[in-house]
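Q: I have not looked at this one before. Can you walk me through it?

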Amino acid sequence: MSCLVFKFGGTSVATIERVLHVAKRIQKEKEKGYDIVVVVSAMGKTTDKLVEMAHEIMPNPSKREMDTLLTTGEQVTISLLSMALQSLGLSAQSFTGWQAGILTEGIPSDSRILEIQSENVRKALDKGQVAVVAGFQGVDSNNNITTLGRGGSDTTAVALAAALGAERCDIYTDVDGVYTSDPRYVPKARKLQELSYDEMLELANLGAGVLHPRAVEFAKNYKIPLAVRSSYVEDEGTIMKEEVEVEKDLVVRGVAFMADIVRVTVGYEGNYKGSLVNIFTVLADNHINVDIIVQTILEGVEPSVSFTITKENLADTARVLEANKSKIGYCHVNYEEDVAKVSIVGSGMVSNPGVAAKMFDRLHKENITLKMVSTSEIKISVVIPQESMLLTANALHDEFELAASLAIQV
Ligand code: ADP
Ligand code: ASP
Ligand code: MG
């Protein structure tokens with residue numbers, strides 16, 4: 001029988017009323033004859049509240065204990081939703097990450113799915129049960145409970161869809177699709193009918209929180225048709241697939257932004273002869289992700305390397321750099337907080353020169369200070385002062401006429 005995987009995020013299951021609503025929605029799909037797996041997040045802001053509780057005890061709690069704490073949120077939802085389905089006369093069974101056979105590797109709080117041993121879920125489906133799986137969690141080879149990073153329930157859903165050979169994976173959320181930018185902060189953002197995996201992957205990696213980046217990676221690698229849909233209104237939502245028709249004249253498809261970035265600048269003595277790259281080995285060994293890197297080696301100027309990290313990683317980065325000062329060989333380091341990254345994304349950019357010029361011209365007119373720039377075939381990112389982030393996002397959305405094609409489409 002064909003299998004569908006649905007994922008319902010925190011707001012979609014925030015109250016008992018919403019859980020019952022979700023159960024009714026699942027019942028409708030089940031009646032169409034599909035095998036159904038439902039992945040759920042913790043209810044409402046539960047995960048944030050658990051994080052706050054931990055921070056009341058200590059500022060930097062152990063990541064292992066954080067994972068054990070945070071996974072409890074999803075466990076509440078799977079049992080309640082299973083009960084709600086049973087109350088409607090459906091057969092349903094809940095699964096925590098390890099019960100669903102989700103094996104992970106990597107560091108706690110940001111683990112990756114290594115493998116899914118899906119026999120238990122398969123057995124439940126074969127018995128006609130709806131399988132209700134806790135998102136965002138798994139178990140590692142040492143039996144530690146792990147999490148996949150904030151927003152990771154999307155990844156659980158798509159990975160399960162791949163493991164079970166599902167026909168489709170639908171991510172139900174509080175927006176009715178993927179927009180040209182975050183509709184909460186860019187009022188003119190417009191819903192996209194479809195998007196290529198590559199574009200969505202860039203948008204997600206660059207801060208469009210509507211999908212967890214690794215979920216898009218799984219969908220792309222296993223060619224899973226992926227949709228983002230509203231859990232409130234019945235509508236097709238946005239479909240992600242390999243190739244999509246580029247809308248006429250639309251080179252840029254979306255604007256993404258990310259707050260709370262830190263620019264780290266490491267300076268070396270003028271006569272420094274070592275490799276500026278040593279620093280990145282040390283950071284990688286300590287699982288610290290580095291984003292945009294700019295190295296400056298100019299005659300008569302002190303050599304330096306600047307890179308960005310997330311604010312979450314600031315304390316760890318400072319500790320690691322300090323502990324490895326002599327090994328890296330730098331003489332001073334500066335941390336600049338309150339910076340943000342705004343990016344434009346579109347696969348049409350490859351064949352359209354002048355996109356960067358248009359972007360920089362608009363930013364100049366808006367008096368935005370550019371601190372760093374980074375480009376790839378389908379994106380251009382700028383690092384700017386955080387206070388200008390929303391102004392920049394809205395200005396670029398306007399400059400590339402992302403709202404305008406609404407008129408063409410209707
Ligand atoms: P869930 O709890 O269902 O996982 P999230 O809060 O993780 O929901 O994701 C949905 C939110 O993503 C929306 O409310 C919206 O503010 C935000 N978002 C960011 N970028 C986009 C975008 N390009 N399109 C749609 N929503 C976006
Ligand atoms: N509950 C987790 C979070 O809030 C995982 C998720 O919702 O995807 O990040
Ligand atoms: Mg989410």
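A: What follows covers the ligand site, the domains, a helix and some salt bridges.
A: This is a predicted model, in which local features need pLDDT of at least 70, side-chain atom pairs count only at pLDDT 80 or more, and totals for chains, interfaces and linings use all residues. Residues are numbered from 1 along each chain as its sequence is written, chains are lettered from A and ligands numbered from 1 in the order in which they are written, and side-chain values use heavy atoms, with hydrogens and water left out.

Q: Which residues come nearest to ligand 1?
A: Thr 173, Asp 174, Tyr 179, Asp 182 and Arg 184, out of 16 residues around ligand 1. A residue counts as near if one of its heavy atoms lies within 4 Å.

Q: What does Arg 184 do there, in distances?
A: An N or O atom in the Arg 184 side chain is 2.6 Å from an oxygen atom of ligand 1. For Asp 182, a polar side-chain atom is 2.7 Å from a ligand oxygen, and for Asp 174 the distance from a side-chain N or O atom to a ligand oxygen is 2.9 Å.

Q: How much of ligand 1 does the protein cover?
A: On its own, ligand 1 has 580 Å² of accessible area, and the protein covers 83% of that. The areas come from the Shrake-Rupley method with a 1.4 Å probe.

Q: Changing topic: what are the domains?
A: The domain assignment gives domain 1 as 3-174 and domain 2 as 255-399. Their centres, taken over C-alpha atoms, are 35 Å apart.

Q: Is helix 6 covered or open?
A: Mostly covered, since seven of the nine residues in helix 6 (197-205) are buried, including Met 200 and Leu 203. Buried means under 20% relative accessible area, exposed over 50%, and partly exposed in between (1.4 Å probe, protein chains only). Helices are DSSP runs of H or I with at least four residues, and strands are runs of E with at least two, numbered from the N terminus.

Q: How many salt bridges are there?
A: The structure holds 25. A salt bridge puts a side-chain nitrogen of Lys or Arg within 4 Å of a carboxyl oxygen of Asp or Glu. One of them joins Asp 316 and Lys 63, at 3.9 Å from N to O. Asp 316 is in helix 9 and Lys 63 in helix 3, so this pair ties together parts 253 residues apart in sequence.

Q: And Lys 341, buried or exposed?
A: Lys 341 is buried, at 4% relative accessibility. Its side chain meets that of Asp 291 in a salt bridge of 2.5 Å, and Asp 291 is partly exposed at 36%.

Notes. Polar contact = N/O pair within 3.5 Å; in protein donor to acceptor, adjacent residues only side chain to side chain. Domains from an automatic or database assignment.
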